[in-house]
Amino acid sequence: MSITRKVSRLAVLTLAAGFMAAPVLAQPIHLEDVAELSGGGATVGTNFKNGADLAIAEINAKGGILGHKIEITHADSQSNPGVARALVQKALDNNPYVLLGPGYSGSVKVTESLAAKAGIANIMGGEAAELTQTGNEYVFRTSFGQQSTMPKVARYIAEEIKAKTVAVVWVNNDFGKGGRDVINAEFAKRGIKVVADLSTEAGQVDFAADVLKVKNAAPDAVFVYLNEDESARALKELKRQGVTVPLIGETTLTGQKVIDLAGGAAEGALAHVGLTTDAPIPAVQEFRKNFAAKYNYVPDHNGIKGYLAIYVIKAVTEKMGKVDPANFAKTLHGMTIRAKDEPGILMDVTYDEHGDIDRQGFLVEVKDGKQVVKTILPKMVP
Amino acid sequence: MSTQRLLTLLGLTLGVLLLLVAPFWMSKYQLYVVSLWAVMSIAAIGLNLTLGYAGQVSLAQGVFVGVGAYTGAIMTTNGMPMAAALVVAVVLCFAIGWALGYPALRVQHHYLAFVTLAFSTLGYLVFRNEEWLTKGIYGIVDVPRPMLLGVQAESNLRFYFVCILSLAIVSFGVWWLIRSPWGRAFVALRENPIRALSLGVDTRRYTLMAFAIGSCLGGVAGVIYAPLVEFIDPSPFTLDLSLKLLMMVIVGGSGFFAGPYLGAAIAVLLPEVLRFTEGYYLLIYAAFVMILMIISPTGLLGILDRYLTARSTRKASAARAALSASFGDQT
Amino acid sequence: MSTLISLIVSGCATGAIYALVAIGFTLLWQTSQTINFAQGEFVMLPAFFMLAGMNMGMPFWLAILVGTAISVAILGAAFKRALVDPMLRHGALPLAIATMALSIMMKEGVKEFYGAEAQPFPSLIPAIDLHFLGATISTQSLGLLAVGVAAVLALQYLLNSTSVGRQMQATAQNPNVARILGIPVERMVMYSFIINAILVSVASVLVTPLYLAKFSSGETLGLAAFIAAIVGGFNQVRGAILGGILLGITDNLAATYISTQYRSAVPLALLIAVILFRPQGLLGTAEERTV
């Protein structure tokens, strides 16, 4: 090798290194996530965390947001609002670009005002209706709030199934009680009588007593609002005791996992679904495949929430054209993110002035062990 | 003054100075965590009184914290002062503690643990289900921070001093209590109940008293916890909290005055110290507790105590040897 | 009437699960005064050993055998040697605390190394619904009940009618006297830990199809077994089965006739009532007062 060639090669190498170093020199975007990584909400928080990590890995592999790499710190709220508050305080002390989480509505209630005081946008996983109704200008959802899903379910039960009486089976926690209160109010508005109102425990195994009560009340339809594992057990027991009226749920009831666990018992179950990895959308299927490849399991809707949160941050930042925490919340209010511009958002979504979302939903039915979309409920603002 | 006394005094002075001066340099988060430590310490001190001094195993300390927290939250959100809530919580916890211990002590020693375990779960159900009173799973939002001596303790720094001051008052009270005849009766009870009985100690009354007073301190911790978090829902007050408090007391060293402070510090601050291990801190904490129990069932202070005792015996025997040697010279 | 029968039948089925877990619990208490707060996690873990075996390509039956063997080694022998032995002389409390820590460790370990998601688990007994007297019961529940009763009978036989069993009983009643009589006390205690490990493995195989393999599935189970053991009689193996079934039925009846929100309170009230009026448990014998 001649000297000149050596020199020119060195020059090229230096130049290349210089170019490669340029994006690395840009300040990384720092995010803080407070999630339920242990305790009762561990499944929720772990899914959220993994979803977020997957999105960050994807974005960083493509050079980050506007050339900035993303870095994230996850903290464990232990599913306890008191701890969540401490960690959110700590997260805010670190001056993050955006705060992610928590997933439990109770924890969000404690933490959302802290984020607002600090003027930092908070993209969280809670679904309780009141979270976005306190006039907080910094809180954003990743999924439908119960105040927007339950009316759709109630309408379907009233208009399509034409039920006059209904039994409600719900899990007595943060998630279940909130949904039950909203839908019972909707039933009252529509003149549907709740003939059995059954609270169950998280982790409950034996649903015999609850289903017997449903059977004895002889309703026209049953609304089942439980977590995945319990949904499967309830479906099995409903079938075993010969309850044949329509079974309707929200998101969890017709997940592929529930179908697999319940065997044939899920057949014919109906549900309104906002976020689901079973959605017949190529982008969602692609996400599901990538997630399963990385973590060795199929995520629930909380996994999608974490994933979407990161892509919302990407879309907002690219729209602003710079990393500007002060204007983040303002930009996101009223913003529409389209899947054709930002494939990571999976489905078109619009944020309103409260931080609630508008996105298409699905009415699905379980047929032959698969979730089949009956109706697509379009976005309200196309 | 013995080395041990000197060490204690030195540690105490340093600790107090640190708690008084350091907050001015602490971030909001650090203030909050140390405040949380103070609250958990108060609850653990109460349990230490029940367990460490009177030898009664309670698995319900978490519920008493819950009773205190709900009393505080309900009363202060309805415009009543925190001091009134404190009085109500103390009376309530004392009464519940007494009522709970009474039947259990009719029978046998370890049944108190079983009854309190059942009560722990029952308490959680009441917090969750009695929506008219506790707002159920929605919880009570915006629990106000108190006005004390004309000063609004709204900021994190001011409320930090409320927590530390409360801890100081409780510490002093308990320090006084265990030196009083009552405290000596508690210890007599733990060491040998039958001997205590034969010496004329009304064992049942003192056992109940120790349990009820310990429960009260749980309530006190709760009354401070509510405005610290500014939100209360049932989720923190499960059996888990009771077990955690029990672990704090045992890990620190039950029956040692400083045990609860140390145990609470480890439980509250450890996740912070072990942050670099990502998700593994609970695994490490659990492993640490198991190893500690194997090495020293009397907790961390048990190790220190054994070391100091061994040293003083060595010293004493050295002194004896020297003494007998000098006597030897004379004879 | 058919409602009541249904409730009782399904209560028995759930109760059989509690009973199976509670038996081992009482056994450990009797022989070594171990209050095992990790008993629920002891049932949760073997299923994961078995799942790991199946993931390596083992057939189900082999995975069960290997899983049980690992459980006997870890949850039986290693648990006793590493944790119980060094602490035995310090009384029940430090050991109880250590088992609490162990339960945290097992839950967190499974979550970290296997994930937080519930995994399905194949059922050994095919689920067929049988109908009688207007009630429906699945063969799975019947199988559970049968195995639970069989386990108690086998244990009773072992304890009362074999030499090893009588030596174990002697050890349980008074280890010092047993030692003087030349009974290898250490070995007897070890047997009880191994029996417990086998019992939880059996329970794990039977229960996991219903409870699913999940890091947290031992929580409710452990507490229920604890209550069942106390209600039935902490010092009697056969008490556990009565306690378990009673608990299962009470839970169902409470949910139907009292309040679904307070369903889990009723078994606890039962526990307190038993302690008040029959502290030795329904089938237990009064313990001597220890000082």
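This is a predicted model: local features need pLDDT of at least 70, side-chain atom pairs count only at pLDDT 80 or more; totals for chains, interfaces and linings use all residues.
Across the interface of domain 1 and domain 2 of chain A, the count of salt bridges is 0.

Where the domains of chain A meet, 15 residues of domain 1 are in contact with 15 residues of domain 2. About 1000 Å² is buried between the two domains, with 59% of it on carbon and sulfur atoms. Polar contact links 2 residue pairs between domain 1 and domain 2 of chain A, both residues at pLDDT 80 or more. On the domain 1 side, the touching residues comprise 6 nonpolar, 5 polar and 4 charged.

Now let us turn to the other interface. Chain B brings 28 residues to its contact with chain A, and chain A brings 27. Together the chains bury about 2200 Å², 50% of it on carbon and sulfur atoms. Of the area that chain B buries against chain A, 27% comes from Y29(B), I137(B) and Y138(B), more than from any other three residues.

Between chain B and chain A there are 3 salt bridges. One of them joins R85(A) to E230(B), whose closest N and O atoms are 2.6 Å apart. Among the elements giving two or more residues to the chain B side are α5 (111-129) and α10 (203-229), while α2(B) gives the most, with 4 residues. By type, that side holds 15 nonpolar, 4 polar and 9 charged residues.

Methods
Residues are numbered from 1 along each chain as its sequence is written. Chains are lettered from A and ligands numbered from 1 in the order in which they are written. Side-chain values use heavy atoms; hydrogens and water are left out. Contact means heavy atoms within 4.5 Å. Buried area is the accessible area (1.4 Å probe) that two parts lose on being put together, summed over both. A salt bridge is a side-chain nitrogen of Lys or Arg within 4 Å of a carboxyl oxygen of Asp or Glu. A polar contact is a pair of N or O atoms within 3.5 Å; within protein, one must be able to donate a hydrogen and the other to accept it, and residues adjacent in sequence count only if both atoms are side-chain atoms. Ala, Val, Leu, Ile, Met, Phe, Trp, Tyr, Cys and Pro count as nonpolar, Asp, Glu, Lys and Arg as charged, and the others, Gly among them, as polar.
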